[in-house]
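Trainee: Could you walk me through how to read a fold from its model?

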Amino acid sequence: MPQSSQPLDLGPAASRRGFLAHAASLGAAAAIGTAFMPRPLAAEELTSAEWDAVHRDPTTPAEALKQLEDGNRRFVAGRPIAPHRDMARLKAIAPRQSPFAAFLGCADSRVPIEIVFDQGFGDVFVSRIAGNIAVAEQIASLEFGTAVLGAKVLYVLGHSACGAVSATMNGTEVPGQISALYFHIRPATRGAGGNLDKAIAANVREQALRLRDGSTVISKLVKEEKLIVAGGVYDLNTGAVTPVALDAA
Ligand SMILES: [Zn+2]
């Protein structure tokens, strides 16, 4: 029985619990990971539930978030579907895009959002910048992706061993204008006590809150329950994304 057919309870009260259970299952899947990158499953290898799950547009923010979680779980488990990667899809969305998710991710070449979350053309609206920082132009892009294009989840994705966070924490001397990034990451590294993993999670939280609470457009969508803002950290070694709670417990 493929894991992705198990329903995740993402009701408001249980969303955190569901998320944590999800993170645990991702860890288990990573432990039995394959030694090679598996080819995507063919249509005839999918259960009808699996096929439906990736070829139906999510209608609510909770469904959109689940679609991402399921996609990362497939990727980690070595059962990617690689949906929406054919010429028919390309042509279908050429006149108009309506991605179900928007992302603020790091520019790091090891974290390709579409692959990590097993999505395809037209599914995710992605803004990437070193250190996944929410600066004005990034906020503008993501306001467009959510308010205009209608993305139902806005996800901030950090990753393990992030060079931008690490350099900020260590005050590393860098050429040119690279250190311009430090200013935006420093609030997250300040309270981390030199712990890089802690700083990376804090940076995801910091940038997500800047988007959620600092943009009137985004906070309005959240208030109207048209959008969820979420965050997570991608593990470079396992491919698994661990959620980051945005509000202190
Ligand atoms: Zn990075």
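This is a predicted model: local features need pLDDT of at least 70, side-chain atom pairs count only at pLDDT 80 or more; totals for chains, interfaces and linings use all residues.

Trainee: How many helices and strands does the chain have?

Mentor: There are ten helices and five strands. Helices (H or I, at least four residues) and strands (E, at least two) are DSSP runs, numbered from the N terminus. Of the 249 residues in the chain, 42% are buried. A residue is buried if 20 or more other C-beta atoms lie within 10 Å of its own, exposed if 12 or fewer, and partly exposed in between, with C-beta atoms placed from the backbone.

Trainee: What share of the contacts comes from residues 24 or more positions apart?

Mentor: Such pairs account for 73% of the contacts in the chain with a separation of 6 or more. Two residues are in contact if their C-beta atoms, placed from the backbone, lie within 7 Å.

Trainee: Now the sheet. In what order do the strands lie?

Mentor: The general idea is that strands of a sheet pair through backbone hydrogen bonds, either parallel or antiparallel. Here five strands form an open sheet in the order β2-β1-β3-β4-β5, with mixed pairing. β2 (124–128) and β5 are the edge strands, each pairing on one side only. From one strand to the next the twist averages 25°. Two strands pair if DSSP finds at least two bridges between them.

Trainee: Which sense does β4 take with each of its partners?

Mentor: With β3 (residues 153–159), β4 pairs in the parallel sense over seven bridges, and with β5 in the antiparallel sense over four bridges. On the β5 side, tyrosine 234 stands opposite valine 241, and glycine 232 stands opposite proline 243.

Trainee: Is β4 enclosed or open, and how would I tell?

Mentor: Look at both faces: in a regular strand the side chains alternate between the two faces of the sheet. In β4, Ile228, Ala230, Gly232 and Tyr234 on one side are all buried, as are Val229, Gly231 and Val233 on the other. Seven of the seven residues of β4 are buried, so β4 is largely enclosed by the rest of the structure. Helix α3 (residues 61–77) lies across β1 (101–105), β3, β4 and β5, at about 30° to β3.

Trainee: How do I read helix packing, say for α7 and α9?

Mentor: Begin with the axes, which are lines fitted to C-alpha atoms, for helices over the stretch in contact, with angles from 0 to 180 degrees between N-to-C directions. Helix α7 (residues 163–170) packs on helix α9 (residues 196–214) at an angle of about 115°, with the axes 10 Å apart. The two are therefore roughly perpendicular to each other; angles under 35 degrees count as roughly parallel, over 145 as roughly antiparallel, 65 to 115 as roughly perpendicular and the rest as oblique.

Trainee: Which residues of α7 and α9 meet?

Mentor: Val165, Ser166 and Met169 in α7 meet Leu196, Ala199, Ile200 and Asn203 in α9. By class, this contact has five nonpolar, two polar and no charged residues. Ala, Val, Leu, Ile, Met, Phe, Trp, Tyr, Cys and Pro count as nonpolar, Asp, Glu, Lys and Arg as charged, and the others, Gly among them, as polar.

Trainee: And what does α7 do with α8?

Mentor: The buried residues of α7 pack against α8 (182–190) and α9. The axes of α7 and α8 come within 9 Å and cross at roughly 75°. Just after α7, glycine 171 takes a positive phi of about 60°.

Note on methods
Residues are numbered from 1 along each chain as its sequence is written.
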